Structures are given as C-alpha cells and as structure tokens.
Amino acid sequence: ALLLAGIATSCTGERCFAFGNLRRQVTQIRYLDQQAEERLLRSDRPIAPAPGLEEYARDFAPFADFKNAPFPRLETETDLMIGTEGQLGVVVEADFETQPLTPLTYVFLLLPRWEEAYEPHLEVHAAVQDHRGTVLACEMVDSGGMRFVPSELRLGEGRDVIFLEIRSDRFEEFFSNVLDRLKTVRTESIFEIAEAKYHAVRKAVPRGIFEANTRRQVSKQGTDVQVAPHQLELLLKKYREGARTGIDSLLFGHFGDAHLHFNFNLTADQLPECDRFFKSLYDSTHEWHGSPFAEHGIGLLKQPYIQRFHGPNQRRVFSEFKRTHDAKNQFFPGGFMSSNPN
C-alpha cells in the first residue's frame with residue numbers, strides 16, 4: 001500500500017541520491033480506468049501522443065534531473081499514474097526493479113549551525129556529487145531538528161549533522177579521496193554510526209514535528225523545495241530569512257539532492273508571518289526554476305502556491321488528459337489537473 005501510494009505522488013526519499021526517484025524503478029502498473037476496467041501500463045512504451053505534449057516535454061526539460069518537477073513527467077505509459085495523484089485512475093498493482101543488497105557503512109559529520117556558517121555544508125554537498133552509487137544517501141538534520149530526537153539518540157549538541165550511507169566495499173577509498181580531503185570539516189568531526197541508530201534519528205525528526213503540531217493544534221507549516229545543485233547556497237540564504245522571522249524553525253532532509261525540508265515549529269498566532277515567508281520562498285523558487293514541492297505531492301493545501309508554476313502548456317495537457325482518462329472528473333476532482341482552467 002505504501003509503494004502504490006508513493007507512485008501517486010512520485011514519492012522520493014533518502015536513496016534517491018544514488019538511484020533516482022521511484023519512477024525509475026517502476027516497470028509496469030495495473031490500474032482501474034474511468035470504466036472500472038483494469039488496464040496495464042508499461043515503462044518501455046511511450047505515452048500516446050496528445051495535443052500540447054511536445055511543448056509540455058520542452059517545459060519539463062530543465063527539471064529532468066530533479067526528483068519531481070512542479071508538474072508530472074509525461075514520457076512513458078506508466079507516467080500516467082506517477083505523480084498525477086490519482087487524478088487519471090486508481091493504481092492497484094505495480095512491478096518494480098530492485099537493487100542488489102550491498103553492505104553499507106554509515107557515518108555522520110558534525111558541522112556548525114547552517115544559520116551561522118554554511119560553507120562546510122556547501123563543501124560536503126559539492127564533494128559527494130560525483131560519487132552517487134558509492135554514496136547511496138546524503139542526509140542532514142540541523143541543530144533545531146536534533147531537538148526533536150530523544151536525548152539518548154542526539155548527536156552533536158548545538159551542531160548540524162550530515163549523514164552518509166556509503167558502500168562498505170568502497171568506503172576506505174572514499175574516505176581517503178573525499179572525506180579526508182575536506183578543507184572545512186576536520187577528520188575528528190567524522191564518526192561512524194550504527195545503521196539502526198541512524199534510521200532512528202532520521203525517523204524521530206518528522207515524527208517529533210507532527211507530535212508538536214498536534215499538541216499545539218496547528219497544521220504542519222513546512223516545505224520541501226528542490227533546486228539545482230549549484231543553487232543550494234541561494235536556497236540556504238532564503239531559509240536563513242525564515243530562520244530570522246523569530247519563529248522557531250528547523251531544516252532537515254535530502255541534502256545531497258539540494259532538497260531540504262524547512263519547517264516552522266510555531267503557534268497559531270504566528271501563522272500570518274509564516275504565510276508571508278512561504279509566499280516569498282515560492283516567489284524565489286519560481287525565479288530560480290526550482291521545484292516547490294519535490295516529494296510529497298500537491299493535494300489541496302498547496303494548490304494556491306503551485307498555480308504559478310503551471311503555464312498554458314501544462315494546463316492544456318492537464319485538460320486533455322482529464323478529458324481522455326476521466327471525462328466525468330471522478331478521480332480526485334479537486335486535484336491540480338482539474339483545478340486549472342482550460
């Protein structure tokens with residue numbers, strides 16, 4: 001069920017750094033169409049031609065290496081069900097390619113708080129880019145996020161932490177040629193960590209945010225913008241503005257992919273200031289040609305922000321696909337495809 005739901009949002013995660021998003025592992029999908037008939041889609045067959053699709057593909061090109069663009073990739077048959085949030089049919093089965101199980105070594109690097117000095121973060125980010133496949137994941141939890149981790153699991157009080165999953169058979173070479181040559185991170189700030197503890201720390205952060213929001217009776221106020229690798233500094237500068245609003249905040253997530261989750265840990269009276277920051281953030285993201293929601297989909301709450309990322313070419317294709325695959329608008333009628341004007 002989690003995998004099928006992940007297809008709908010083109011959900012991504014930690015190891016996308018090495019293997020790409022879920023779309024790349026899907027070989028075929030069975031789904032129920034608008035007549036409740038089961039149909040088969042294959043990733044090795046191109047999507048059927050449709051009016052406006054060539055222009056749509058041209059607009060998608062700058063996002064080809066992103067986890068998710070502001071609009072779904074529509075190239076192969078299976079793309080009809082990936083990232084379209086159930087707006088064209090109901091996924092009932094999917095086949096995936098898998099990767100060989102490889103022994104991994106887990107390490108973490110202690111860095112200064114990014115709000116004060118992010119040069120070490122940028123150096124680590126640049127250093128791992130050419131080692132995808134040796135490094136399976138490059139994740140970050142900042143000092144604010146670490147406060148949501150149980151005390152017995154916390155690492156580096158008052159410091160940011162970057163985690164790396166590294167293939168064990170390549171670890172020594174990677175350590176000697178990459179980690180040991182970092183100029184802004186000392187070798188004594190690099191530690192090995194048990195796999196179970198690493199995953200426990202990572203899981204504790206979003207769980208802790210959810211629990212805090214529940215106690216305060218506020219909805220989650222966060223985002224997961226992705227930018228091109230060379231634009232990471234721009235994104236961190238923008239997040240600094242959020243950190244300086246006076247609202248408690250934290251930053252964590254998929255650092256190697258320049259895809260980070262920025263969350264406010266707020267009270268209800270701080271919502272207006274929070275909204276002002278996010279509007280400014282998405283204005284900047286649009287200017288940078290970044291992706292405002294690179295992981296968890298659009299749904300309903302994010303639609304006011306996504307509209308400006310959809311131009312005439314996207315709206316034309318959305319309308320055509322809804323007309324062809326969901327003439328009665330019965331699949332998520334409030335989704336971003338049906339909410340756009342013709």
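Modeller: On a 1 Å grid over the protein atoms alone, a cavity is a set of points where a 1.4 Å probe fits but cannot get out, a pocket is an open set with protein on both sides within 12 Å along at least five of seven lines, and lining residues have an atom within 4 Å of a point. Grid points are joined across faces, edges and corners, and a volume is the space filled by probe spheres set on the points. This is a predicted model, in which local features need pLDDT of at least 70, side-chain atom pairs count only at pLDDT 80 or more, and totals for chains, interfaces and linings use all residues. Residues are numbered from 1 along each chain as its sequence is written, and side-chain values use heavy atoms, with hydrogens and water left out.

Biologist: How many cavities of 30 Å³ or more does the rule give?

Modeller: The largest cavity holds about 220 Å³ of space, and Asn68 and Gly83 are among the lining residues closest to its centre. For the second largest cavity the value is about 40 Å³. By this rule, the cavities of 30 Å³ or more number two.

Biologist: Which residues line the second largest cavity?

Modeller: Its lining divides into two nonpolar, one polar and four charged residues, where Ala, Val, Leu, Ile, Met, Phe, Trp, Tyr, Cys and Pro count as nonpolar, Asp, Glu, Lys and Arg as charged, and the others, Gly among them, as polar. The residues that line this cavity are Asn21, Arg23, Arg24, Ala64, Phe66, Lys67 and Arg73.

Biologist: What volume does the largest pocket have?

Modeller: The lining of this pocket is made up of 25 residues, with Arg15 and Phe19 among those nearest its centre. The volume of the largest pocket is about 700 Å³.
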